[in-house]
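Work through the exercises below with the sequence and the 3D structure at hand. Each task is followed by a solution in steps.

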Amino acid sequence: MTRNLVTLTETQNLALAEDLLRLHRIRHLPVVRNGKLIGLVTHRDLLRAAAQRGGADPAKQPLWASDVMVRDVKTVQADTSTREAVKLMLDNKYGCLPVVGADGQLIGIITEADMVRFAQHLIEDMDRRSLAAEYEA
């Protein structure tokens, strides 16, 4: 899980969202109100909003996070097992799962990139064990 989060509020504009995604090289922005998750803006949401606008000048008619965010976001809690989180992501084709506390406070996010890093760690661990077993033999 990633704990150092980049977030938006519902009243921030999509130009900022686009800048944050590019600057931090991420694809998901949780939208929060008083620290509680209320939605999610993804890179795909921004692309869809741009396509729907046609050639409209965003400076004259800005869009806000609340205009495009997904409101019904599936979440998990910190004690949710990795196995359950992976299954949920795969079964539903989610690119991320926000992690919230019992009070709805956003505490982290699990992304596909987190899962790939975890898989890399497991593979490296398996390789070390395999080398150790060969050495002992």
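**Exercise 1.** Across which strands does helix α4 lie, and at about what angle does α4 run to β4?

Solution. The model is predicted: local features need pLDDT of at least 70, side-chain atom pairs count only at pLDDT 80 or more, and totals for chains, interfaces and linings use all residues. Residues are numbered from 1 along each chain as its sequence is written, and side-chain values use heavy atoms, with hydrogens and water left out.

Step 1. Helices (H or I, at least four residues) and strands (E, at least two) are DSSP runs, numbered from the N terminus. Helix α4 covers residues 82–92 and lies across β3, β4 and β5.

Step 2. The angle of α4 to β4 is about 140°. Axes are lines fitted to C-alpha atoms, for helices over the stretch in contact, and angles run from 0 to 180 degrees between N-to-C directions.

**Exercise 2.** Give the strand order of the open sheet and identify its edge strands.

Solution. Step 1. The order is β3-β4-β5, with mixed pairing; two strands pair if DSSP finds at least two bridges between them.

Step 2. β3 (76–77) and β5 (106–111) each pair on one side only, as edge strands.

Step 3. β3 and β4 (residues 96–100) run parallel and are joined by two bridges. Gln-77 has Val-100 in β4 as its bridge partner.

**Exercise 3.** Describe how α4 packs on α5.

Solution. Step 1. The axes of α4 and α5 (residues 112–136) come within 12 Å and cross at roughly 130°. α4 is therefore oblique to α5 (under 35 degrees is roughly parallel, over 145 roughly antiparallel, 65 to 115 roughly perpendicular, the rest oblique).

Step 2. The crossing is left-handed, meaning that the near helix is turned anticlockwise from the far one by less than a right angle.

Step 3. Thr-82, Ala-85, Val-86 and Met-89 of α4 make the contact (heavy atoms within 4.5 Å) with Glu-112, Met-115 and Phe-118 of α5.

**Exercise 4.** Describe the crossing of α1 and α2.

Solution. Step 1. The axes of α1 (residues 14–24) and α2 come within 10 Å and cross at roughly 135°, so α1 is oblique to α2.

Step 2. This crossing is left-handed. Leu-14, Ala-17, Glu-18 and Leu-21 in α1 meet His-43, Leu-46 and Ala-49 in α2.

**Exercise 5.** Locate the salt bridge of Arg-48.

Solution. Step 1. A salt bridge is a side-chain nitrogen of Lys or Arg within 4 Å of a carboxyl oxygen of Asp or Glu. The whole structure has eight salt bridges.

Step 2. Arg-48 meets Asp-45 at 3.1 Å, N to O. Both lie in α2 (residues 43–53), three residues apart, about one turn of the helix.
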